[in-house]
Amino acid sequence: MPELKRLHARHAPVVLAFELANRTYFAASVSDRGDDFFDQFSDRYNALLAEQEAGICAFYVLVAEDGSVLGRFNLVDIEDRTAELGYRVAQHVAGRGVATTTVQELCRVAAARHGLHTLRAATARENAASQKVLTKAGFVPVGPADPADLGGKPGTWYQRNLALQPQSAVLLVDRLREGRGHR
């Protein structure tokens, strides 16, 4: 079963393999990272780890049983109990609920481990798959996104208030739906 893991130095080779294998797929819906990203991958990766160590960001990878990366899930610009969510999943698992399930898990992690109350995510208008993931994960549209935030594409900001859906309340709702009530 895939596992969401905090980004670590040992993940560098599999993250690079994931980015290279899916480069064309990603470029169809988000701006391409460019050749410089790959040429300077080691330096950029170490900079990400430094940002994570400083508490500015929190980076996660969804790792398959074989050790390959199925997706990247990032909490960036952490400030005032708020962060921006970014994610991407491998083409071979797209459309199978992997992104939705992992974004939901990351929302729990964001609240429990990082003390966050609000997550925001921007997606291009033409990226229906990402909009569907965010909506299913409890995000709601809150306004237009500047095309500069989305590689020149018009889009929408989505937001989820984590404090409104604490895990205990979710469990209570699930119990009530199952007819078990709160004990």
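I began with Asn22, which sits in the loop between α1 and α2, where helices (H or I, at least four residues) and strands (E, at least two) are DSSP runs numbered from the N terminus. At 6% relative accessibility Asn22 counts as buried; buried means under 20% relative accessible area, exposed over 50%, and partly exposed in between, with a 1.4 Å probe and protein chains only. Not counting residues up to four places away in sequence, I found that Asn22 touches Ala90 and Gln91, contact meaning heavy atoms within 4.5 Å.

I noted the ground rules here: this is a predicted model, in which local features need pLDDT of at least 70 and side-chain atom pairs count only at pLDDT 80 or more, while totals for chains, interfaces and linings use all residues. Residues are numbered from 1 along each chain as its sequence is written, and side-chain values use heavy atoms, with hydrogens and water left out.

**Helix α1**

I looked up which residues of helix α1 (residues 12-21) are buried, and they are Ala12, Val15, Phe18 and Glu19. Seen down the axis of α1, these buried residues fall within an arc of 125 degrees, so they line one face of the helix; the arc is that of the directions from the helix axis to the C-beta atoms. I kept in mind that an α-helix has 3.6 residues a turn, so residues three or four places apart point the same way. On the other side of α1, I found Pro13 and Ala21 exposed. The buried residues of α1 pack against α2 (23-27), α3 (35-39), α4 (41-54), β2 (58-63), β3 (69-79) and β4 (82-89).

**Salt bridges**

I found 5 salt bridges in the structure, a salt bridge being a side-chain nitrogen of Lys or Arg within 4 Å of a carboxyl oxygen of Asp or Glu. Glu19 and Arg33 meet through their side chains in one of them, at 3.3 Å from N to O. Glu19 lies in helix α1 and Arg33 in the loop between α2 and α3, so this pair ties together parts that are 14 residues apart in sequence. Glu19 counts as buried at 1% relative accessibility, whereas Arg33 counts as partly exposed at 34%.

The side chains of Arg88 and Glu19 also meet in a salt bridge, at 3.0 Å from N to O. Because Arg88 lies in strand β4 and Glu19 in helix α1, the pair ties together parts that are 69 residues apart in sequence. Arg88 is buried, with a relative accessible area of 14%. I then saw that Glu19, Arg33, Arg72 and Arg88 are linked in a network of salt bridges.

A further salt bridge joins the side chains of Glu126 and Lys153, at 3.6 Å from N to O. This pair links distant parts of the chain, with Glu126 in the loop between β5 and α6 and Lys153 in the loop between β6 (140-145) and β7 (155-161), 27 residues apart. Glu126 counts as exposed at 53% relative accessibility, while Lys153 counts as buried at 18%.

**The largest pocket**

I looked next at the largest pocket, in which about 1,500 Å³ of space lies. On a 1 Å grid over the protein atoms alone, a pocket is an open set of points where a 1.4 Å probe fits, with protein on both sides within 12 Å along at least five of seven lines, and lining residues have an atom within 4 Å of a point. Grid points are joined across faces, edges and corners, and the volume is the space filled by probe spheres set on the points.

Of the 46 residues that line this pocket, the closest to its centre are Val30, Gly86, Tyr87, Arg88 and Ala122. β4 gives the most to the lining, with 6 residues. By class, I recorded 22 nonpolar, 11 polar and 13 charged residues in the lining, where Ala, Val, Leu, Ile, Met, Phe, Trp, Tyr, Cys and Pro count as nonpolar, Asp, Glu, Lys and Arg as charged, and the others, Gly among them, as polar.

**Single residues**

I checked Gln52 in helix α4 and found that it counts as buried at 9% relative accessibility. Leaving aside its neighbours within four places in sequence, Gln52 is in contact with Arg6, Leu7, Cys57, Ala58 and Phe59.

Asp77 has a positive phi of about 55 degrees although it is not a glycine; Asp77 lies in strand β3 and is partly exposed, with a relative accessible area of 49%.
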